[in-house]
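Morning, everyone. I have one structure to go through today, and I will keep it brief. Please have a look at it first.

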Amino acid sequence: MNQQTKRVAAVQMDVAFADIDHNAQQILAKIATVKADGVDLAVFPECALTGYCFESREEALPLGLSIDDPLFDSFAAACGDSDLHVIIGFLEIEGDKLFNSQAMINRSGVVGSYRKIHLPGVGVDRFLDPGDREFSIQSAGEIRVGMAICYDSSFPETARVLGLHGADVIALSTNWPVAARRTAEIVPPARSMENHLYFIAANRVGTERTFEFCGMSSIAGPDGVMVAETDSDKELILTADIDLSIARNKQIVRTPGKHVIDRFADRQPERYTIIGEKK
């Protein structure tokens with residue numbers, strides 16, 4: 001691979017409810033797999049460490065981890081001497097706050113994190129605090145990553161802001177149930193094409209309490225075409241080689257001088273002021 005080409009992965013896995021030790025062992029095994037495959041960035045599902053279908057804040061609180069928990073050191077050690085970065089979903093506790101979070105980890109430890117901003121009325125999100133930080137870009141080596149979680153992707157503003165910040169890739173950890181199959185089909189290619197970047201959606205599988213999760217993880221390219229996808233609801237790992245230079249060149253020339261578009265340069269933000277108004 002040339003310097004601008006990187007290998008990415010969406011890890012589609014089952015998650016044991018409220019069993020961090022079991023889930024951590026499964027994650028460690030999958031880190032070993034993607035490391036052996038030369039992956040630069042691997043994305044795991046939402047709440048991959050903890051499970052999702054909690055019935056109260058009190059039930060979820062004992063599963064909350066601080067961002068400096070020693071458990072993350074074990075994932076860093078598993079990355080070894082490689083350039084691998086992994087993004088893992090978990091419940092994050094800070095003071096009296098509880099967030100739905102992602103941690104980005106490499107051989108040095110936790111090098112980035114994100115707290116879910118958009119909280120739907122389902123699962124543990126009913127009882128959590130909304131993310132309290134602006135959308136930002138995290139560096140996975142040379143890959144500029146915009147981190148997001150599940151319902152965040154249903155708001156096109158999320159991907160646009162991350163794209164404007166310079167994301168090459170949006171890394172979405174998600175828990176789409178069977179009822180969200182259309183979201184799994186439509187959102188990744190739409191958001192990638194709208195912002196001319198790569199979109200990794202890592203969904204979980206299995207059944208937790210009354211929820212069955214659909215899998216259907218994917219990796220979409222800047223033209224909205226899937227570069228890796230699955231209809232499976234079983235555990236698997238999708239991989240793809242991505243070219244960062246394609247995501248970074250926002251000008252699309254289909255016919256020189258006659259058909260040229262740039263979805264960033266062609267914006268008219270002064271016409272969009274209503275987007276910033278809370279209804």
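Which feature does UniProt place at residues 6-244? The record, an unreviewed entry, has "domain: CN hydrolase" there. Keep in mind that what you see is a predicted model. Within that model, the end C-alpha atoms of residues 6-244 lie 7 Å apart. The span is 36% strand and 23% helix.

Now to the helices. Two packed helices are described by the angle between their axes and the distance between the axes. Take helix α1, residues 20-36, and helix α3, residues 71-79. Their axes come within 9 Å and cross at roughly 20 degrees. Angles under 35 degrees count as roughly parallel, so α1 and α3 are roughly parallel to each other. The crossing of these two is right-handed. On the α1 side, the contact is made by Ile20, Ala24, Ile27, Leu28, Ile31 and Lys35. From α3 come Leu71, Ser74, Phe75, Ala78 and Cys79.

The second pair is helix α4, residues 156-164, with helix α5, residues 181-195. Here the axes come within 10 Å, and the crossing angle is roughly 40 degrees. α4 and α5 are therefore oblique to each other. Their crossing is right-handed. In this contact, Pro156, Ala159 and Arg160 of α4 meet Arg191, Glu194 and Asn195 of α5.

Next, a hairpin. Strand β6 covers residues 137-140, and strand β7 covers residues 143-149. The two pair in the antiparallel sense, over four bridges. Where does Gln138 find its bridge partner in β7? At Val145. Gln138 also belongs to the covered face of β6, together with Ala140. Ile137 and Ser139 make up the uncovered face. Between the strands of the hairpin there are two residues, and Gly141 takes a positive phi near 65 degrees.

His118 sits between β5, which is 109-115, and β6. Is His118 buried or exposed? Its relative accessible area is 19%, and buried means under 20%, so His118 counts as buried. What does His118 touch, leaving out residues up to four places away in sequence? The list is Phe135, Tyr151, Asp152, Phe155 and Thr158. Thr158 is 40 residues from His118 in sequence, while their C-alpha atoms are 9.5 Å apart in space.

That is what I have. Questions are welcome.

Conventions. Residues numbered from 1 in each chain as written. Predicted model: local features only at pLDDT ≥ 70, side-chain atom pairs only at ≥ 80, totals over all residues. Heavy atoms only, no water. UniProt positions renumbered as here; feature names shortened; annotations may be inferred. Buried < 20%, exposed > 50% of the residue type's maximum accessible area, 1.4 Å probe, protein only. Pairing = 2+ DSSP bridges. Axes fitted to C-alpha atoms, helices over the stretch in contact; angles between N-to-C directions. Parallel < 35°, antiparallel > 145°, perpendicular 65-115°, else oblique. Left-handed = near helix turned anticlockwise from the far one by under 90°. Contact = heavy atoms within 4.5 Å.
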